[in-house]
Amino acid sequence: MERLAAPRYTPRMIRSDPPQVRVRLPEAPALVAGAGGAAWVSPAGEVETLPLDRAAARLAVSPPPLVCHARATAVRLGTSRFDAHDLLELFAFVRPARFCVPTPRGLAEALGLPLPATPEQAAASLFSAATELLGELARLNSAARQSARTVAWAMARGGWLWGGAVLAALGLEEDTPPRSLAAGLRVWMRLPEWKEHTAEPPAGDWPVEAVEARARLMRLLGTTAEDRPQQTDYASHVAAAFAPRERADEPAFVIAEAGTGVGKTVGYIAPASVWVEKNSAPVWISTYTRNLQRQLDAELDRLYPDPERKAAKIVIRKGRENYFCLLNLDEAVSRLPERGGADAVPLGLMARWALATRDGDMVGGDFPAWLADLVGTRLTVDLTDTRGECVYAACPHYRKCFVERSIRRARGADMVVANHALVMTQAALGGGEDGLLPTRYVFDEGHHLFDAADSAFSAHLSGMETADLRRWLLGAESRGRSRSRGLRERIGDLLTGEGEAMEALEGILHAARALPGPGWRQRIGGGNPVGAAEAFLALARQQVLARESDPNSPYGLEAHARPPVPGMLEAAASLDKALGRLDHALTALLAHLSRLLDDQADELETAARARIESARRSLERRAVLPVRSWRAMLAALREDTPPEFADWLAIDREYGRERDVGLHRHWLDPMQPFATVVAEPAHGLLVTSASLRDGTGDEDADWRAADIRTGIRHVRVRDARISVPSPFDYKRLTRVFVVTDVDRRDIGQVSAAYRALFLAAGGGGLGLFTAILRLRDVHSRISAELESAGLQLLAQHVDGMDTSTLIDIFRAEEHSCLLGTDAVRDGIDVPGNSLRMIVFDRVPWPRPTILHRARKEVLGGRAFDEMLARLRLKQAYGRLVRRADDRGVFVMLDRALPSRLTSAFPTDVAVERVGLARAVAETRAFLGERGD
């Protein structure tokens, strides 16, 4: 047994106000688990390295240890969740809404402590981290200390293991209660109210000249910035997207491909900011990933270096389901027993965050994603308005609502940063909740527009969708506590005394019972459906299982909708009749709400008018539109699917278990509705990305691919197509290998190849897979050996963490590796040495689904398949070099990669077909030993 020269972990005094506040660490060991073993450090500094099974067994006889991310630790130990003093919970309490990579090294870096280099040092560092965090509490001023005390006391009564130590640091003993257990959790009492924004005049129409864009760019970059002629060219050309519109439905539409390193973000901020100043109206900048939203937020500091001014001028706008709901928190707090309860722990952490958050955004904002992994989703991310049950102005917290605050801030902002899905939804609803339609858009990550539109404009007559509508209309039906509010609870008081309206409401609630109720999966799977919707879905499931070639596949199953199995058409007619009754009642209620606004225009108070308008919008979006889409899909079973759509039946599975079943409809070309509802009403659009064009070498064909993916071909436009090459010397900075002697069908060979390549790179490796089962198999085979070499192996669908957390760790830990699927490839942005190798297990061909086969018939046949595969390779390769001093190796383990796909890589980069041993040796030589 070794003894580390670590700090003494006895209670000590912290100099603070008031003085001599006692900081008391738990008398508990510290534990860090890896793939091949665990480091166990006693409070006295004694260190043991244990096999994982012994470490797991010791938990039963040890005080709850200090850990960093208890759930991930349990996964590595191969045990169930266990009691632990999780340093991340303490960090979330002490530093709410502050970022921290959820590892011992990340904690040390966030707290300014020495960085641990080994698992043993990492375990020992947890004591230092705990001491520092408790010391911060002891140094709080009196107001902040009192706020923290009331929350900590409630959490301690709920069994929070840190409760005693935290209360001691705050100068409060556990037997000194505040006036009320819930007092500290009622944070809405301390939040400010939002202010209504006065309506803005219509936007002006003044253009942005290229010279103005260049001048603004120079101002944003400063006089000391390096000369980047490509960025200047880009800013000059994209200014054309801000020209005045000359004919209705003919926007200024610019598609601009800008190679990595051009600096396109600041390049389009420059002309956009000039247009805002000249025309007194906002520009909406839309992205696909959270990473780019964070990058945009940082880059906009150049435009508004003063934080207060930036907060007034820049708004990050997301859908309602992303924001923390104060009413949900209120109801959760009200259910707490006065003597305390386990729910007080997550609620206390949420209360601390709610007081510190910038804007209440829980998905990609300042809410730490790892917190939901630790304390569960029910009282964290599920406290957003994901259930669509907002009561709007009837809510007692309406004037403090994070969503309403965001909407009003966006109305007065200069620039609004949003995501593709929200922009398309708002446009389809004529402005939606924001009550406005922007005239100018910038769509960054434009290569994802097609996929975003495909999702936004699709329809799903499925068990989950129909059951969700039933719950939204009826509220909770199952026994037990539920905060689910039905339509009667949300708007019934608005209809008091309105006989026809109440009759329509009752008709809606009665018709909704034809939709799947609680337990629908079991009934459908067992052949005992109840009601018209379940009967139809049971036959849909039967048809899929009967016609799928591999019904035992763990993945999703699908089948053509026609010809239907016996009984399907009759079931569809019965369901259509039931949906028709629901549609009729919904239409009647909408008409009555509209009459209320007209007939009582001079009597309605502002709050009541706002509630009625909100109710109309939500009924239209959540009920009327989907019901009418479902009826059109059912009609197509009897007739023909319209030529612009593809319909099919599917069973959705997750890890072999059925999640959903239903009838699906997608546009064959989703850029058609995008053009109609987004592009044509706009005055100007810029669609930009580093990978818009195909890479066939035929310039016209390559631009046609960009036209398909951006929708420009469906719009009458004064268009401009520009391409600005990357300034990077890819020939010098990268290598591309196709390994020819690994059998992609042999998971042992594939695993060995990943292990050898990651070791040769010294970490910084990203492994991309086309199948989750292959990813998990490779991880199980190579993780222990990599760890023994000092390389941590992270894996999507394996570690107990969400994807964004895994990417944060990968970015921070230079010698880690990460295995993932498409979601990782699309969401990752890791400049520097942390990403220096990308390895594909197979050629990323699109899956030959029913939708894809139908789509490629109208979008180019085999050429469409090859375009998608090339663009996926191009996007992944582009992640390797994000800065001029980055270096990287791209490896394809599938020797079947066709030469015609290698045009995805820069023309001056040689694609070398070599054996594995040669690829390993060349990687080691190119990157240097262990990537240093």
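In this predicted model, Phe-728, Tyr-730, Phe-840, Tyr-877, Phe-890 and Phe-905 are joined into a cluster by ring pairs. Rings of Phe, Tyr and Trp (for Trp the six-membered ring) are taken to pair if their centres lie within 6.5 Å, and planes under 30 degrees apart count as stacked, over 60 as edge-to-face and the rest as tilted. By this rule, the count comes to 16 aromatic pairs, and two of them are set out in the table.

| Aromatic pair | Centre to centre | Angle between planes | Kind |
|---|---|---|---|
| Trp-194 and Tyr-398 | 5.5 Å | 80° | edge-to-face |
| Phe-324 and Phe-402 | 6.4 Å | 45° | tilted |

Trp-194 lies in the loop between α7 (163-169) and α8 (210-221), while Tyr-398 lies in the loop between α15 (369-375) and α16 (402-411), so this pair ties together parts that are 204 residues apart in sequence. Both Trp-194 and Tyr-398 are buried, where buried means under 20% relative accessible area, exposed means over 50%, and partly exposed covers what is in between (1.4 Å probe, protein chains only).

**Basis and confidence**

Residues are numbered from 1 along each chain as its sequence is written. Because the model is predicted, local features need pLDDT of at least 70 and side-chain atom pairs count only at pLDDT 80 or more, whereas totals for chains, interfaces and linings use all residues, and side-chain values use heavy atoms, with hydrogens and water left out. The pLDDT is the predictor's confidence in each residue, from 0 to 100; its mean for the protein chain is 90, and 95% of the residues reach 70 or more. Over residues 1-10 the pLDDT stays under 50, and the model has 20 contacts for this stretch beyond four places in sequence, a contact meaning heavy atoms within 4.5 Å. Residues 12-20 have a pLDDT below 50 too, and this stretch has 21 contacts in the model beyond near neighbours in sequence.

**A parallel sheet**

Helices (H or I, at least four residues) and strands (E, at least two) are DSSP runs, numbered from the N terminus, and two strands pair if DSSP finds at least two bridges between them. An open sheet is formed by 7 strands in the order β22-β23-β21-β24-β25-β20-β26, with parallel pairing. At its edges stand β22 (792-795) and β26 (911-914), each with a single partner strand, so one side of each is left without a neighbour in the sheet. On average, neighbouring strands of this sheet are turned by 20° against each other, direction ignored; here axes are lines fitted to C-alpha atoms, for helices over the stretch in contact, and angles run from 0 to 180 degrees between N-to-C directions.

β22 pairs in the parallel sense with β23 (residues 816-820) over 4 bridges; Leu-793 stands opposite Cys-817 of β23, and the bridge partner of Leu-794 is Leu-818. The chain passes from β22 through helix α31 (residues 803-812) to β23 in a right-handed β-α-β crossover, a term which means that, with the strands pointing away from the viewer, the path from the first strand over the helix to the second runs clockwise. β23 also pairs with β21 in the parallel sense, over 3 bridges, and Gly-767 stands opposite Leu-819 there.

Of the residues of β23, 5 of 5 are buried: Ser-816, Leu-818 and Gly-820 point one way from the strand, and Cys-817 and Leu-819 the other way. Helix α30 (residues 772-788) lies across β22 and β23 and runs at about 165° to β22.

Asp-583, in helix α24 (residues 568-599), counts as buried at 10% relative accessibility. Leaving aside residues up to four places away in sequence, Asp-583 touches Val-627, Arg-628 and Arg-631. Ser-689 is found in strand β18 (residues 684-689) and counts as buried at 1% relative accessibility. Among the residues that Ser-689 touches, not counting those up to four places away in sequence, are Ala-256, Lys-264 and His-447.
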